[in-house]
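Here is a short briefing to read alongside the structure. Keep the 3D view open and look up each spot as you go.

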Amino acid sequence: MSEAAGIPPYSEDQAESARLVRESAAGFLDVGRARALRFTMPGFSREAWREMAQLGWIGLLVPESAGGAGLSMIEMCALAEELGRGLAPEPLIPCAISALLLAEAGEREVLGQLLAGEAVVLTAWQDRPNTLEVCTDLDRPRCSVPMAGGATHLLLPGPDGLHLLKAADCTITTETTVDGGHIGTVRAQPGRPIGQAALGPALDRAALATAAYLLGGMEAAFAMTLSYLKTRQQFGRPIGSFQALQHKAVDTRLQIALTRAVVEEAAARPEPALCSRAKARASEAAMLVQQNCLQMSGGIGYTDQYDLGLYLRKAMVLAPAFGGPALHRARFMALSPELEEV
Amino acid sequence: MDLITPREPQDLNAMEDEAFRLHVRRWIEANYPPELRYPPRRLHWNENKVWYFKLAEKGWLCPGWPREYGGLGLSPAKQIIFTEELERWGCARCNDHGIIMLGPLLIRYGTPQQRAFFLPKILSGEHIWCQGYSEPNAGSDLASLRTTAVLEGDHYIVNGQKIWTTLAQDANWMFMLVRTDPAAKKQEGISFLLVDMTSPGITVRPIINLEMHDEFCEVFFDNVRVPKENLVGEPNKGWEMAKALLSFERIYLGSPRQSAYALTRLRELAERMGVWEDPVFAATYAKHRADFEDLKSLYGRYVEVLKRGRPLGADVSQLKIIQSELFQRITETMLAVAGEHGALFEPMAGNRTLHPAGLYLQARPTSIYGGTNEIQRNILAKNVLGLP
């Protein structure tokens, strides 16, 4: 019952490195922890945040010369997948790209605090929902900033470069999301930019890591569902013996296998078109998979007490985050060379 | 047996992958009959034997067989490149049941006499093989097959009927599954038999399919005498041997080539019908294209398993389901775009490869043959997901 579905396009060293990162995340697989943090402010644990910093995760992608771990998207995706299994609410992915941007812009002070787990720096790049376009108009409020209530600093792209602001100097309003977390709208009066950094590659990495997080959630929800299918008895036998449910389970598995294939290929080669294809697949598959799992679990799946619904609600939040399927498919098409004639 | 001197003097495994690819590509482009590129259907022996003999003469007919049996002895990685190059150029499938199914089976399970007699005749094109598995009442439930072979002296007497036998009318030999022990549990009474199609008592009747093509046949057996030395392996052990050959089929049927071909046709059609500006079409095309690329990503992971010389697990069936259903969706979009032209019996005027109805019909059986997609889902549910 391997989850692997073939062999990913990693070298042996890369595969081993990904495995080590996965192992280091073993302490974050407890969904009970995530459940307890729901509907609180800031909605994540400062203690867990410092632990993540000590493990080197916040600076995982940051070059060693800037104090990071200098690892690749292969390790980042392996980590994000594990965090997705455990539904970790800490804003690791948004902060990992903020760290990249700070490093690229040459900022070191706040970067140091961020990598130490003392700061939470969120990048407020969009001025409307459902977009991939980076807003550089500093007069416009920035929206959909994940876990903005816990931010110590905000990074805003402007026409003249990146602006770094203390959260206390911004007006932040938050709206609760269905997973018990929140998103925020940020209004700020920026001063002088700290430097230049390219948003495109950072947002690609955020989208890809989010795809991996969704993949972890799919695997976890599907494992719960399979175990339910094997034990739940109706009509005198396990419901997993019914062909209608078996075929639905297989169709669910196919979506997970496709997601893993494209996420891991993109992790090895995080080009814009591949990142977009991965996020498009993961976002769409996550919703399909979670819906199928809910259906196969029957009424119990619709209760808040059962963990399955936590995965559906997280998928509802993350499927559109950093761009949903339609946006990323259109971008994939725009970036892809035409098929070779056959 | 006498060793066959390979006609390909070079050890192609020693070449770098890319050099090998170019070497194969150049030879195919120089030697493949141009009029046979991208045939709209399986070709008959009288149409494609030119190509069979070209490959045979070059010593490239059986890339996967060991060199001592006349093959190329290519590593799995090189075999994949070889196949990719054939697909890239739109080469027709030969009458290849002897090459890809029977040859490897005899090399693994046959007696030295069987290997010495049959293998050279596949290599020379003297024997063209067909596969006799399905029966009218044994389709998805193949193990319930009822064609019998009863031993009388030195011969088996075969009675019964096979169906969906691909290109039986072109074949002069058939490898078949027969019931040799009617009392045993259904999988345990089956044997693997090699039958000369010119034997008295055999009738072949082609079946016309929805494309009006006679790719499949029914084959009837009326007291057909088969020498008992034509049984492969142990009596009543045929099921296991036949099953061992199927994992190749599952990855072959999961290759993205059909979807790639259909996508290219869809693009040509869209151009011709002027629908690129239609946002609904653009979104549908983007979905197909992304689905296709994701299938390629997944396929690549299984190719990697083969390249490392590891066995493919039951989960390779995933590819067959995904590929066939994508191929079907693309051709459904073609019909929607083509309007009335989607019902034309012949290719659209001015482009002999642009035939929406033909491709649509060609896509229909892909979810039926090689084990229906429902059977594949049953296998995945039980053997991969561990459901009861």
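B:Asn236 sits in the loop between β8 (231–232) and α6 (238–244) of chain B. This is a predicted model, and in it B:Asn236 has a positive phi of about 70° although it is not a glycine.

- Is B:Asn236 buried, exposed or partly exposed? B:Asn236 has 18 other C-beta atoms within 10 Å, so the residue is partly exposed.
- B:Met212 is another residue that is not a glycine and has a positive phi, here about 60°.
- You can find B:Met212 in the loop that runs between β6 (202–207) and β7 (216–227) of chain B.
- B:Met212 counts as exposed because it has 10 C-beta neighbours inside 10 Å; the cut-off for exposed is 12 or fewer.

**Chain B as a whole**

- Chain B has 12 helices and 8 strands in its secondary structure.
- The radius of gyration of chain B is 22 Å, close to the 21 Å that the globule rule gives for 388 residues, so chain B is as compact as a globular protein of that length.
- Of the 388 residues in chain B, 42% are buried.
- Take the contacts in chain B between residues at least 6 apart in sequence: 73% of them join residues at least 24 apart.

**Where the two chains meet**

**One helix pair across the contact**

- Helix α8 (residues 243–268) of chain A packs with helix α10 (residues 317–338) of chain B at an angle of about 95°, and their axes are 11 Å apart.
- That angle makes α8(A) roughly perpendicular to α10(B).
- From α8(A) come A:Leu254, A:Ala257 and A:Leu258, which meet B:Gln318, B:Ile321 and B:Ile322 in α10(B).
- This contact has 5 nonpolar residues, 1 polar residue and no charged residues.

**A sheet in chain A**

- In which order do the 3 strands of this open sheet lie? The order is β1-β3-β4 (chain A), and the pairing is mixed.
- β1 (121–123) and β4 (161–166) of chain A are the edge strands, since each pairs on one side only.
- From one strand to the next, the twist averages 25°.
- Strand β3 (residues 153–158) of chain A pairs with β4(A) in the antiparallel sense over 6 bridges, and A:Leu155 stands opposite A:Leu164 in β4(A).
- Helix α5 (residues 92–105) of chain A packs on the sheet and touches β1, β3 and β4 of chain A. The direction of α5 makes about 90° with that of β1(A).

**Another strand pair in chain A**

- Strand β2 (residues 142–146) of chain A is mostly covered, with 4 of its 5 residues buried.
- β2(A) runs antiparallel to strand β6 (residues 182–187) of chain A, and 3 bridges join them.
- In this pair, A:Arg142 stands opposite A:Val186 in β6(A).

**A:Met147 and its surroundings**

- A:Met147 lies in the loop between β2 and β3 of chain A.
- Why does A:Met147 count as buried? A:Met147 has 23 C-beta neighbours inside 10 Å, and the cut-off for buried is 20 or more.
- A:Met147 and A:Met41 are 106 residues apart in sequence, yet 8.9 Å apart in space, C-alpha to C-alpha.
- Beyond its neighbours within four places in sequence, A:Met147 is in contact with residues including A:Pro42, A:Phe44 and A:His182.
- A:Pro42 belongs to the loop between α2 (31–37) and α3 (46–54) of chain A, and the peptide bond from A:Met41 to A:Pro42 is cis, with omega near 5°.

Definitions and conventions
Residues are numbered from 1 along each chain as its sequence is written. Chains are lettered from A and ligands numbered from 1 in the order in which they are written. This is a predicted model: local features need pLDDT of at least 70, side-chain atom pairs count only at pLDDT 80 or more; totals for chains, interfaces and linings use all residues. Helices (H or I, at least four residues) and strands (E, at least two) are DSSP runs, numbered from the N terminus. The radius of gyration is taken over C-alpha atoms; the globule rule is 2.2 Å times the number of residues to the power 0.38. Two residues are in contact if their C-beta atoms, placed from the backbone, lie within 7 Å. Axes are lines fitted to C-alpha atoms, for helices over the stretch in contact, and angles run from 0 to 180 degrees between N-to-C directions. Angles under 35 degrees count as roughly parallel, over 145 as roughly antiparallel, 65 to 115 as roughly perpendicular and the rest as oblique. Ala, Val, Leu, Ile, Met, Phe, Trp, Tyr, Cys and Pro count as nonpolar, Asp, Glu, Lys and Arg as charged, and the others, Gly among them, as polar. Two strands pair if DSSP finds at least two bridges between them.
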